[in-house]
Amino acid sequence: MATIKQSDFIQSVADALQYISYYHPEDFITNLTRAYELEQSPAAKDAMAQILINSRMCAEGHRPVCQDTGIVTAFVKVGMEARWDNDGKPLMTVQQMVDEGVRRAYNHPDNKLRASILADPAFSRKNTGDNTPAVVSVEMVEGGDVDVTVAAKGGGSEAKSKFVMLNPSDSIVDWVVKTVPTMGAGWCPPGMLGIGIGGTAEKAMVMAKESLMDPIDMQELIARGPKNKIEELRIELYNKINQLGIGAQGLGGLTTVLDIKIMDYPTHAANLPVAMIPNCAATRHAHVHLDGSGPVALDPPSLDVWPELTYDTSKARRVNLDTVTHDEVKTWKPGEVLLLNGKLLTGRDAAHKRMTDMLNRSEKLPVDFKNRFIYYVGPVDAVRDEAVGPAGPTTATRMDKFTRQMLAETGLLGMIGKAERGPVAIDAIKEHEAVYLMAVGGAAYLVSKAIRSSKLLGFGDLGMEAIYEFEVVDMPVTVAVDSKGVSVHQTGPAEWKARIAGGLGGVPILQ
């Protein structure tokens, strides 16, 4: 039997969380590189290039791959024969040990991670300050060792989780293929989909999440052929979802998912519970095995895993945010790549709620938005000589309900975020001849390198959700909704779904 030191468990969790903040799993990089090389959609290929470049930069710079450093989930398997040594300190529960590991990881001075967890979720929603508590699942197993799998799950992908209680005679395939397009692009494809089938409602959800901890092996599975019904189902769903043409970042393309993972469990005769949870382009998870010999240090991956890519800006249009006019904005075309330069304002959910409340009371806002652009972002705190930490976009649809009032009453010219805009926002953009620009989700460190300075302008008590002014140089974005209301998140997937259905001139797409 092993004696596991409490301190070793805590340190192993902390080190694993730091590790996954800047190292993608090798299987993810290998499979994303393959998808990048096969991709024929220019917009999707550009997005995947940014994700891969960002990933290598993070591996080299030890900074987070995404500004949303996630809510921590830990799957802990404790051997029935294991003993715990608390080093003479108060004995902690597994939850307390995991939380202490999270606390250490997220407050690490050399790579401080963003605290995103809010207590009192239905009411005051106050930030806990250290990203605790984690969500911990504990299972007692045979043996005397302890296994811990940690994941840091971003809010954008977690928000797209789905559950249904099907009738036993219903088709799981039909439900999944019908549901995936409703998830939009806020989960930052390409990534994985985890599916849990059976058990009870909560069991299905846990299985869907846990399945995402397995390595990506779809290409190996296809090459050797399925050995059982679950593997057949994985391949069928992989092909049918990619045939939807959603593509990287929802821009339209050949690869929407890199893999489908499935776990199942016996269920009641009257039920067929099915859960689906996506893992985004910032997929983060690691496994450590504690056998009593000390804390576990994970080996860094070789940089040879990453492709050598550089971001080509030669064909993009440069925009001066300090002098841009309404007439200039109206010349921008859907899908066009822009490089933003000048001063850019920031603000997301909490700031928008406070601003619209102020407008409703006819109060003056702390910032003049006339002819300005706002970036939906909640950056990581800066370390060392950084102007700002990783600062990728947050999901823009959460700001849809504020868009019309902001455009109508502040003179705002445009917005920057990730993923699609809904009908309410698109109608408002068209009415006011404004524009929505998309930055790539999963390229937060790359984006931060374009930010040369950051200044707090308002709502400082909101922390990362406050209003800042960034000075940016050549920040890459794509025109996602133009001043006429044309959305590339509608036109792109429709175009590529049709192309894939037509065989793209005989080119084999899905192998």
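This is a predicted model: local features need pLDDT of at least 70, side-chain atom pairs count only at pLDDT 80 or more; totals for chains, interfaces and linings use all residues.
Local features require pLDDT of at least 70 and side-chain atom pairs pLDDT 80 or more, while totals for chains, interfaces and linings use all residues. Residues are numbered from 1 along each chain as its sequence is written, and side-chain values use heavy atoms, without hydrogens and water.

Helix 11 (residues 349-360) and helix 12 (residues 400-410) approach each other to within 11 Å between their axes, with a crossing angle of roughly 55°. Helices are DSSP runs (H or I, at least four residues), numbered from the N terminus; axes are lines fitted to C-alpha atoms over the stretch in contact, with angles from 0 to 180 degrees between N-to-C directions. Helix 11 and helix 12 are therefore oblique to each other (under 35 degrees is roughly parallel, over 145 roughly antiparallel, 65 to 115 roughly perpendicular and the rest oblique). Contact (heavy atoms within 4.5 Å) involves D349, H352, K353, M355, T356, L359 and N360 of helix 11, together with F402, Q405, M406, E409 and T410 of helix 12. Four of these contact residues are nonpolar, five polar and three charged.

Three cavities of 30 Å³ or more are present in the structure. A cavity is a set of points, on a 1 Å grid over the protein atoms alone, where a 1.4 Å probe fits but cannot get out; lining residues have an atom within 4 Å of a point. The second largest cavity, of about 50 Å³, is lined by L17, I20, S21, T69, Y106, L113, A152 and R284. Helix 1 (residues 6-22) gives the most to this lining, with three residues.

Notes
Helices (H or I, at least four residues) and strands (E, at least two) are DSSP runs, numbered from the N terminus. Ala, Val, Leu, Ile, Met, Phe, Trp, Tyr, Cys and Pro count as nonpolar, Asp, Glu, Lys and Arg as charged, and the others, Gly among them, as polar. On a 1 Å grid over the protein atoms alone, a cavity is a set of points where a 1.4 Å probe fits but cannot get out, and a pocket is an open set with protein on both sides within 12 Å along at least five of seven lines; lining residues have an atom within 4 Å of a point. Grid points are joined across faces, edges and corners, and a volume is the space filled by probe spheres set on the points.
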